[in-house]
Amino acid sequence: MPSLVLLATLGAWLGFANPLLHLPPAILAFPLGLAWIGLRATSGRRAFKTGWLAGTLAATGCFYWMVIPVQIYGGLPWYIALPCPALLAAVMAVYYGLFSLAMHHAGRFVNGIPLCLMAGLTWASLEMLSGVVLSGFPWMNLAAALAPWPFAIQGAAIVGAYGLSGLLAALAVAWLLCSTYRSALILAVGLTLGLTGFGLHRVTTHEAGTAEFMVSMVQGNVDQSHKWEPDLQMETIEQYAALTRQTIDNDAPALVVWPETAMPFYLQEPGPLSDAVHSLVRETRTPIVTGSPAYRVTDMARGSYVLYNRAWLVDDAGRLLGSYDKEHLVPFGEYMPLKEWMPFEKLVQAVGDFVPGAENRPLRVDTVALGVLICYEGIFPELAQKQVDRGATALINLSNDAWFGDTSAPRQHLNLTVLRAVEQGRWLIRCTNTGISAFIDPVGRIAARGTQFEAETLSHSIAPEEGTTLFHKAYPWIGPAIYGLTFLSFVLVGLCARNKRKG
């Protein structure tokens, strides 16, 4: 068992993006090791405990970066911040313990291809659950590990990221069983050739349309620890204004994009800070999409209001023409769950608790409808799906990964966001404060990529897309189908177990 725990752990550490050594195919060792644990365990209890241990070690190595925002920006002492990755990992590892437990019970009654398919369905179901339970945190999405290899993730255009993760888990278990069952070998070879062949065909033959809409991103590289200081707010505007003028002179974009909360003040309020932004837009005659906190007064007499994490569209006349309010907020970062019980305040400085937006529509600039995703909204398939449903012809992700420093998190975040472009068949503009900023084409290729921790601009032409992928069309049925088939398969296992006992 220790060697299997090590196998699964190293598969996750090397398979998911990291600054030291990223080997995307190593990710298959993660579900392979967990399945092997389940099949080798002498009891269901031992299968769950050992799978949970392997999952905890794997997730701790993937979440270690949490120490930075909690300790540096949250102001908590190191002895409280240091255990946070392990605590979150221990919670997320319940899913991996359940996977090993499921493989233990299924392996007693089925084998070969049926066992591989059950592994894939179980993995996909657990990943989908991780996206909704306790506000959702599907960070360790198996398919995202392969994002650096665009041909390997094209299955997401048909079954989505969760479905593709299920196929990868089935593939891993098929390779595990191929020396024992000939059918498993056939499935392993078939899945490998099928996913590779389809991916290469789609990447090489996809027509991205006429890319004539030039977009420029500004990566301000503003120090997170000083960002909200009132004395430095005008300096922040001047930094973005200088870079914006530079990219407009060089690239003549139709749109300039600034990152999440690039403007650390209420852009909707009149005053010198807002006037400076509006004057820049009127001067350059180029619309800007920028992040900024916002508020809505709910009771004028009492002075009550709610706060939003907002993306604004400022048109070329300097008017606030449209907005998007973040819908999926980060617990402990943008709001405090169980606030009265917590011994610390949330990590985002200078503003109170945000509330989620609703009924957001794409932001329209000329012929392009921009479906907005703010920060880690990019890891949730349903939010991109909703924006394309509402007419988005391109996606835009405003983020601020300055919280995480030079760790695995910005790389993992980028890879997760790449999957949204593939699922929806849309160009994705990813603008961040400190990197990694990127233009991602509809098949997940990085068309242009910025440098981390540098103040710079990045420009590229995109094409608005009207068509939709098979995943987009089948989205309402894919999730229920996966859950339903998973449930049905284990009902059948239960019936086999009952018949065996009676026999």
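Author: Here is a look at the cavities, one after another. Keep in mind that this is a predicted model, where local features need pLDDT of at least 70, side-chain atom pairs count only at pLDDT 80 or more, and totals for chains, interfaces and linings use all residues. Residues are numbered from 1 along each chain as its sequence is written, and side-chain values use heavy atoms, with hydrogens and water left out.

A cavity here is a set of points on a 1 Å grid over the protein atoms alone where a 1.4 Å probe fits but cannot get out, and its lining residues have an atom within 4 Å of a point. Points are joined across faces, edges and corners, and the volume is the space filled by probe spheres set on them. Counted this way, there are 3 cavities of 30 Å³ or more.

The largest cavity has a volume of about 130 Å³. Its lining has 14 residues, and Tyr96, Leu126, Glu127, Ser130 and Met140 lie nearest the centre. Helix 6 (84-107) and helix 7 (112-130) each supply at least two lining residues, with helix 7 giving the most, 4 residues. (Helices are DSSP runs of H or I, at least four residues, numbered from the N terminus.) By class, that lining has 11 nonpolar, 2 polar and 1 charged residues; Ala, Val, Leu, Ile, Met, Phe, Trp, Tyr, Cys and Pro count as nonpolar, Asp, Glu, Lys and Arg as charged, and the others, Gly among them, as polar.

The second largest cavity holds about 60 Å³ of space. Phe16, Cys62, Trp139 and Met140 are among its lining residues, and the lining splits into 7 nonpolar, 2 polar and no charged residues.

Technical notes: 1 Å grid on protein atoms, 1.4 Å probe; cavity = no way out; pocket = protein on both sides within 12 Å on 5 of 7 lines; lining within 4 Å.
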